[in-house]
Amino acid sequence: MLIAQVTDPHIKAEGRLAYRTVDTAANLARCVNHLLGLKRRPDCVLMTGDLTDFGRVEEYRLLRRLLAPLDVPTYVVPGNHDEREGFRRAFSDHGYLPREGDIRYAIDDYPLRMIALDTTVPGEPGGIMSDERLEWLDAKLRERPDTPTLLFMHHPPIVTGIEHMDVQNCANASAFGDLLERHRQVFQILCGHVHRPIQTLWRGVSVAIAPSASHYVALDLDPNPRREFYLEPPSVYLHYWNEGSLVTHLSFVGSFEGPYPFFDEQGNLID
Ligand SMILES: [Fe+2]
């Protein structure tokens, strides 16, 4: 099973640039083409929030147009830049989405169980796994304790060292971690929000933050970082599930020199 993860595309209204600089629509269009051009097609795509920049109707309209060529099952959760009800209306044809309340659900159609969590707090940049959200997750995890399960959500529960992002990560993480220690079938959490590829082990669970399909938060580990971004290559994660392990590949979106052969026409290693 191959899962593509696309996060934080921050789509603006037609013709507008994010922060007056980034052509996020062009980046997402290239990203969709990249996925469609992979020799091994993903079985599904997970989109982990900030699908639009300001949660506006016209932004969702363009987002859906950009995603239209993607003929692969796609599962979405909102981020802090989204607006929950506009998001729900924009994806009203996605039958797995709940009609009201948090945008959270379990996908049970694959060998790996995938549970989407809504961490957003309307009007706030940071997220939370509130006690109510933890109760919902606890009940979901009790349903299938023996099925390997990954969680996908926007705000990461971990500290990355990028201070201005850490202050807006997922609150109540300690109680969230306690819950996961009682449900050992959860082995992986996939997040967005930080706009950088970051991985760690947290409370016995692997956490992977995917890089943005568009712009990157500056890698600044200074205690007083400047809040800036770079145009590093837009990227996606490709998570390969095979015989009980999930291997995460970083895949850059763009055209690069190559490919070049390792071997000559006679089959000898090129010296
Ligand atoms: Fe974002």
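Select Ala25, Leu28, Ala29 and Val32 in helix H1 together with Leu62, Leu63, Leu66 and Leu67 in helix H2: these two groups meet, contact meaning heavy atoms within 4.5 Å. The model is predicted, so local features require pLDDT of at least 70 and side-chain atom pairs count only at pLDDT 80 or more, while totals for chains, interfaces and linings use all residues. Residues are numbered from 1 along each chain as its sequence is written, and side-chain values use heavy atoms, with hydrogens and water left out.

**The H1 and H2 pair**

The contact of H1 with H2 comprises 8 nonpolar residues, no polar and no charged ones. Here Ala, Val, Leu, Ile, Met, Phe, Trp, Tyr, Cys and Pro count as nonpolar, Asp, Glu, Lys and Arg as charged, and the others, Gly among them, as polar. Next, display the whole of H1 (residues 24-37) and H2 (residues 57-67), whose axes come within 9 Å and cross at roughly 25 degrees. That angle makes H1 roughly parallel to H2; angles under 35 degrees count as roughly parallel, over 145 as roughly antiparallel, 65 to 115 as roughly perpendicular and the rest as oblique. Axes are lines fitted to C-alpha atoms, for helices over the stretch in contact, and angles run from 0 to 180 degrees between N-to-C directions. Helices (H or I, at least four residues) and strands (E, at least two) are DSSP runs, numbered from the N terminus. H1 passes H2 in a right-handed crossing, a crossing being right-handed if the near helix is turned clockwise from the far one by less than a right angle, and left-handed if anticlockwise.

Select Asp50, in the loop between strand S2 (44-48) and H2. Asp50 has a positive phi of about 50 degrees although it is not a glycine. Most residues other than glycine have a negative phi. At 2% relative accessibility Asp50 is buried (buried means under 20% relative accessible area, exposed over 50%, partly exposed in between, with a 1.4 Å probe and protein chains only). Then move to Arg89 in helix H3 (residues 84-90), which counts as exposed at 57% relative accessibility. Arg89 and Tyr60 lie 29 residues apart in sequence, with their C-alpha atoms 9.1 Å apart in space.

**The six-stranded sheet**

Colour the open sheet of 6 strands, ordered S4-S5-S7-S9-S11-S10 with mixed pairing; two strands pair if DSSP finds at least two bridges between them. Strands S4 (105-107) and S10 (198-202) stand at the edges with a single partner strand each, so one side of each has no neighbour in the sheet. The twist from one strand to the next averages 20 degrees.

How do the axes of H4 and H6 cross? The axes of H4 (residues 131-143) and H6 (residues 173-181) come within 11 Å and cross at roughly 10 degrees, and the two helices are therefore roughly parallel. Select Leu134, Leu137, Asp138 and Leu141 of H4 with Ala175, Phe176 and Leu179 of H6 to show the contact. Its residues divide into 6 nonpolar, no polar and 1 charged.

**The loop between S9 and S10**

Select His195, in the loop between S9 and S10. His195 has a positive phi of about 55 degrees although it is not a glycine, and its 5% relative accessibility makes it buried. Pro197 is found in the loop between S9 and S10 too, but is partly exposed at 33%. Beyond its neighbours within four places in sequence, Pro197 is in contact with Ile209, Pro211, Tyr216, Tyr237 and Leu250. The C-alpha atoms of Pro197 and Ile209 are separated by 5.6 Å, at 12 residues apart along the chain.

**The hairpin and the segment after it**

Finally, select strands S14 (residues 235-242) and S15 (residues 245-252), which pair in the antiparallel sense over 8 bridges. Ser235 has Phe252 as its bridge partner in S15. The two strands form a hairpin with 2 residues between them, and Glu243 in the turn has a positive phi of about 50 degrees. Continue to Pro259, in the segment after S15: the peptide bond from Gly258 to Pro259 is cis, with omega near 5 degrees. Most peptide bonds are trans.
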